[in-house]
There are 2 protein chains.
Amino acid sequence: MSSKVSPLAPTDVPAMPMIAGVRLATAAAGIRYKGRTDVLLVEMEKGTTVAGVFTTSKCASAPVEWCRDKLKGGSARALVVNSGNANAFTGKSGKQAATLTAQLAAKAIGCKPAEVFLASTGVIGEPLDATKFDGVLDALALDAGPDGWMDAAKAIMTTDTFPKVATATVKLGKAKVTINGMAKGAGMIAPDMATMLSFIFTDAPLSASCLQALLKAGVTDTFNAVTIDGDTSTSDTLLAFATGAAAENGAPKISRASDPRLKAFVKAFNAVLADLAEQVARDGEGARKLVEIIVEGAKTKVSARKIALSIANSPLVKTAIAGEDANWGRVVMAVGKAGEPADRDKLSISFNGIRVAKAGARDPSYNEKEVSAEMKKPVIQIKVALGLGKGRDRVLTCDLTKEYVAINGDYRS
Amino acid sequence: MSSKVSPLAPTDVPAMPMIAGVRLATAAAGIRYKGRTDVLLVEMEKGTTVAGVFTTSKCASAPVEWCRDKLKGGSARALVVNSGNANAFTGKSGKQAATLTAQLAAKAIGCKPAEVFLASTGVIGEPLDATKFDGVLDALALDAGPDGWMDAAKAIMTTDTFPKVATATVKLGKAKVTINGMAKGAGMIAPDMATMLSFIFTDAPLSASCLQALLKAGVTDTFNAVTIDGDTSTSDTLLAFATGAAAENGAPKISRASDPRLKAFVKAFNAVLADLAEQVARDGEGARKLVEIIVEGAKTKVSARKIALSIANSPLVKTAIAGEDANWGRVVMAVGKAGEPADRDKLSISFNGIRVAKAGARDPSYNEKEVSAEMKKPVIQIKVALGLGKGRDRVLTCDLTKEYVAINGDYRS
């Protein structure tokens, strides 16, 4: 964990409301870090539904495998998250550690192990000693309360420089429902998924299949549109939990994502995902600039996404941004290497609204000084117009700095 | 151009022999750099055949488009290379500059413009003032001589820290033939192609189609198996020229790449390509370590290549190597994100011959101190055994250092 907070950290941190049916507690189990919390227990009421999306890695971690399997049941009573050790690439002992953790949590709160969801983040390849959770989880179950969302977000951090939370309140039927979320980054971040860990909670009464459909649709333009370094964790996990407690206040029970009564909820739900995803980009390892890449005029949205990611993941583009250099030649390079339809002589490129290139060449009207002043700002927008069709997409990333290299060249030692 | 030579530069620089039918000269045309040469003219005898492979970029530079078109003729009399300006993304003026350069060279040596091949490297998006070559090319044509290979390799450098040449001599029939090559790197390097510019010359009498077939086959495990940063230049160009002058010494004229008399020649030709490709990896921008990645036990060679490139292009793996950290967890991550068949629990990973992980977990016999000592060496071999099939492949890359960020964050200014 870096001691210096990212200059891109949000200045407005929301006060996190309670969510009926959700109680949280954190502790220092001494997994790896000294002098900080590293384990989070979230307890949820009976009847809580669960949905999840996970890393596409072919070498997924033991907790990811556990969650994928338990998701079939559709119901959740607890979430246990630890930082410091990812329990990934730990062979048979990884599965044993996951199972033991779930058993200990189930005993502590009185549910089935299959209703316990798990996530681990930190070093890969070191065995996780789950016996360290023995006793700790019992104490957490006793401690758990409806507040402490910020403490929870802090306990799951690794190289993050600030805790990431977001909240929204919205009407479902005539009842007020709440959506709370937390996330942690900050490297090894690329679609799909774009964050290692994120957890969303709501008191809305949604069926598991409805929640799953909302989550799957919601990540496309949020978490899956963020990339830090193009690397994909073995542990990426996004879980959503719906306690259904708002039904007591008259919120209707919803079983299909297409239900028209969900319209405002979906908007708020996606806004929470987008907020957290942007915070992940703002806390990219060593990041000094938030970079928004918009590609328009592509043949399709999928094509626009591929081109945007090619730009976002290009080390040469990212180092140019770090150097406050409007090096649109490198943007051209990244468009070209994406392998998607593009016509060099129709391309135009803007930085923060100033067009620097058009029709396949430098824009003669472009003023280097004006652009240089823009490049010193903390948020940089690169817009590429391909002039081929109506495909448009947007991704978020950050710059590539010497600090990224320092953080990642000196992580284990 | 960096003033400090890479610590990975080869210590043995070959004396470059003459090649009958090839004459070279360099000059300082003042394209961009001060106080150094930036233009190379290579003149070749009548009857010289030519072959080429180029960037896969959808936004290829004007010189690449010129060469692709002129390759159809199969014959070459001149090569003009300039550094400092890539003549890429320069719209209509780019094509005009390429045409004018070819016309000036054709006039200087007395050939058709279509027999002049071009390559430009340097800044993208700035118009190239080809009128600067007027007079310069005439002088070069007068100056050109059979020596000066090292001067030629120096004139085409941009951020390279050392000139890259290689040579081989081999029997074709009963005659001795020579193969000389030069290359420049050093960033924006990824398959396909893996170098921005490389030029190979031989006096062997090979038809253009034979030479093209040899070149295409030869790059697969050489230039296309090198990646520095995963970025692909708009200007990548590898051209091969065969003057045929060795026919005077009795070398047989060869028209098909499958001709059995070519066996030794092909081996030598590929060795020159491999030598130059390795030098490109050794001179990756900011590189302090040469990294060889071997993937074996994959389903197929293609699958092994994809996994090897995923490892080679992972910023987290590359920064770990820079930090002299045998972080095999990140290697697992990179295997997982490649999307190719892999079974976590069959994976084993070695660094410089020391197995650190097997059967999906840490190798219990692995000695951290022993591995740490290996990681301090300038050449690091990462071997991944998948245990699935017989697919094997090898790629070369380098580490990702703060110097890479510094070089690329401060290139235009």
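Predicted model: local features only at pLDDT ≥ 70, side-chain atom pairs only at ≥ 80, totals over all residues.
Q: How should I read the numbering and the thresholds?
A: Residues are numbered from 1 along each chain as its sequence is written, while chains are lettered from A and ligands numbered from 1 in the order in which they are written. Local features need pLDDT of at least 70, side-chain atom pairs count only at pLDDT 80 or more, and totals for chains, interfaces and linings use all residues, with side-chain values taken from heavy atoms, hydrogens and water being left out.

Q: How many residues of chain B are in contact with chain A?
A: Contact means heavy atoms within 4.5 Å. By that rule, 62 residues of chain B are in contact with 62 residues of chain A. Of the interface residues of chain B, 100% are also interface residues in chain A, so the copies meet through the same surface.

Q: What area do the two chains bury between them?
A: Buried area is the accessible area (1.4 Å probe) that two parts lose on being put together, summed over both. For chain B and chain A the figure is about 4,900 Å², with 59% of it on carbon and sulfur atoms.

Q: How many salt bridges does the rule find across the interface?
A: A salt bridge is a side-chain nitrogen of Lys or Arg within 4 Å of a carboxyl oxygen of Asp or Glu. Four are found between chain B and chain A. One of the salt bridges in the model joins Glu126(A) to Arg362(B), at 2.6 Å from N to O.

Q: How many residue pairs are in polar contact between the chains, and which elements of chain B touch chain A?
A: A polar contact is a pair of N or O atoms within 3.5 Å; within protein, one must be able to donate a hydrogen and the other to accept it, and residues adjacent in sequence count only if both atoms are side-chain atoms. Nine residue pairs between chain B and chain A qualify, both residues being at pLDDT 80 or more. The elements of chain B that give two or more residues to this side are helices H1 (62–70), H8 (315–322), H9 (328–337) and H11 (402–409), along with strand S13 (361–362). H9(B) gives the most, with eight residues. Helices (H or I, at least four residues) and strands (E, at least two) are DSSP runs, numbered from the N terminus.

Q: What is the phi of Glu324(A)?
A: Most residues other than glycine have a negative phi. Glu324(A) has a positive value, near 55°. Glu324(A) sits in the loop between helix H8 (315–322) and helix H9 (328–337) of chain A and is partly exposed, with a relative accessible area of 29%. In chain B, Asn352(B) also has a positive phi, near 45°, and is placed in the loop between strand S11 (348–351) and strand S12 (354–358).

Q: Is Ser120(A) buried or exposed?
A: Ser120(A) is buried, at 5% relative accessible area, and lies in strand S5 (residues 116–123) of chain A. Its side chain is joined to that of Asn82(A) by a polar contact of 2.6 Å. Beyond its neighbours within four places in sequence, Ser120(A) is in contact with several residues, among them Pro63(A), Leu128(A) and Ser235(A).

Methods
Buried < 20%, exposed > 50% of the residue type's maximum accessible area, 1.4 Å probe, protein only.
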